[in-house]
Amino acid sequence: MTFDDFHFEPEINEGLVAMGFEKPTPIQEQTIPPILDNKDMIGCAQTGTGKTAAYLLPIINKMIRNANWGSHISTLIIVPTRELALQIDQQLSGFAYFAPISSISVYGGNDSSLWDQQKKAMVKGVDIVIATPGRLLSHINLGYVNFDDLQHLVLDEADRMLDMGFYDDIMKIINYLPKSRQTLLFSATMPPKIRELTKKILKDPVQINIAISKPAEGILQAVYMVPDGMKNALICNLLKDKDDVKSIIIFSSTKIKVKNIERDLRHLGRKVQAIHSDLDQKDREDVMREFRNRKYQILVATDIISRGIDIENIDLVVNYDVPPDAEDYIHRIGRTARAENTGVAITLVNDKDRRNLQKIEKFLGQPIYKIPLPADL
């Protein structure tokens, strides 16, 4: 199958060519037709399967075909984090580059000009709003957000939003929306809370399941059994001669650990940058952009970017701490081996985290290879 099989409008096809999209991924093949047919849908797919394009492309196509843009909010996309909102907005800009469709990403921050920009767009009229729940509710509560003409509601990373405690906020937002609309829900997992949500907000949904919570086949997974006090030394040992590895992400559970890892790698002479909650939004965006542009070889991050950030061609993912559950592990290592590429995922395990490792291995249905520590450690 190619994108020609969807019979998109010429503006969409031009955008796909400009972005280098050649053939749809499995989730795009299965979800685009029912979305074009105005069906409600539940899409369950792991990170890196192309689900953002799976809903953006048919929505934009319908808007172009129906000349449905200009002075009202046609589509609302609700996401868990500002990083995901920005990523979707960037992809949207590419897909709709040849179409007169406007968008705004709505997320929190201390910059008053950011608030004013968001307010102005929603008051004046913007076609697509990509928003985090809390910030959107703050705008809604001031009375100037009009959803009367809304046609599409998308909940992306729905399981993550519920894990972060956004259920009540989501339901409050939905109460402001027209009952006659198309609703699309995307989630990496389908726990009972998600099932409950879908029953409340979707009508006879089509259900699409793509490789639920399984790591990509191209990921080489391995584990080091190592005490906390030796983890930084091990990372420095592993990376000291890795000039040929172009792009590395190290995930850690706290910003203090992130800062310490960054410091030790800088002392080693590595090109490294960190991203954590102490950085303001502009600085975080700068770090992400520079990492995508390969200005830095290594990104050290808290879990804030473990889901929902589309960074291509990551060669190595390191879990400095064992993720708390198997699904988080899948999402973290899903940063590598994307789009049928290969990659390596290494997890550092102390005695306390052995039980979490066992849960992950049980979930995967197989043990993860244990690498002996280097002789000098």
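**Figure 1. Salt bridge between lysine 295 and glutamate 290 in the predicted model.** The closest N and O atoms of lysine 295 and glutamate 290 are 3.7 Å apart. By the rule applied here, the count comes to 13 salt bridges.

**Figure 2. Salt bridge between aspartate 286 and arginine 289 in helix H12.** The N to O distance between the two side chains is 2.8 Å. Helix H12 covers residues 281–292, and because aspartate 286 and arginine 289 are three residues apart in this helix, about one helical turn separates them. Aspartate 286 counts as buried at 18% relative accessibility, whereas arginine 289 is partly exposed at 43%.

**Figure 3. Salt bridge between lysine 51 and glutamate 157.** The side chains meet with an N to O distance of 3.7 Å. Lysine 51 belongs to helix H3 (residues 51–65) and glutamate 157 to the loop between strand E5 (152–155) and helix H7 (158–163), so the pair ties together parts that are 106 residues apart in sequence. Lysine 51 is buried, with 10% relative accessibility; glutamate 157 is also buried, with a relative accessible area of 4%.

**Figure 4. Network of salt bridges linking Asp228, Lys231, Lys257 and Asp321.**

**Figure 5. Strand E11 (residues 298–301) and its pairing with strands E9 and E10.** E11 runs parallel to E9 (residues 248–251), joined by four bridges. Four bridges also join E11 to E10 (residues 272–275), again in parallel. Valine 300 of E11 is the bridge partner of isoleucine 250 and stands opposite alanine 274. Ile298 and Val300 point one way from E11, Leu299 and Ala301 point the other way, and all are buried.

Key: Residues numbered from 1 in each chain as written. Predicted model: local features only at pLDDT ≥ 70, side-chain atom pairs only at ≥ 80, totals over all residues. Heavy atoms only, no water. Buried < 20%, exposed > 50% of the residue type's maximum accessible area, 1.4 Å probe, protein only. Helix = DSSP H or I, 4+ residues; strand = E, 2+ residues; numbered from the N terminus. Pairing = 2+ DSSP bridges. Salt bridge = Lys/Arg side-chain N within 4 Å of Asp/Glu carboxyl O.
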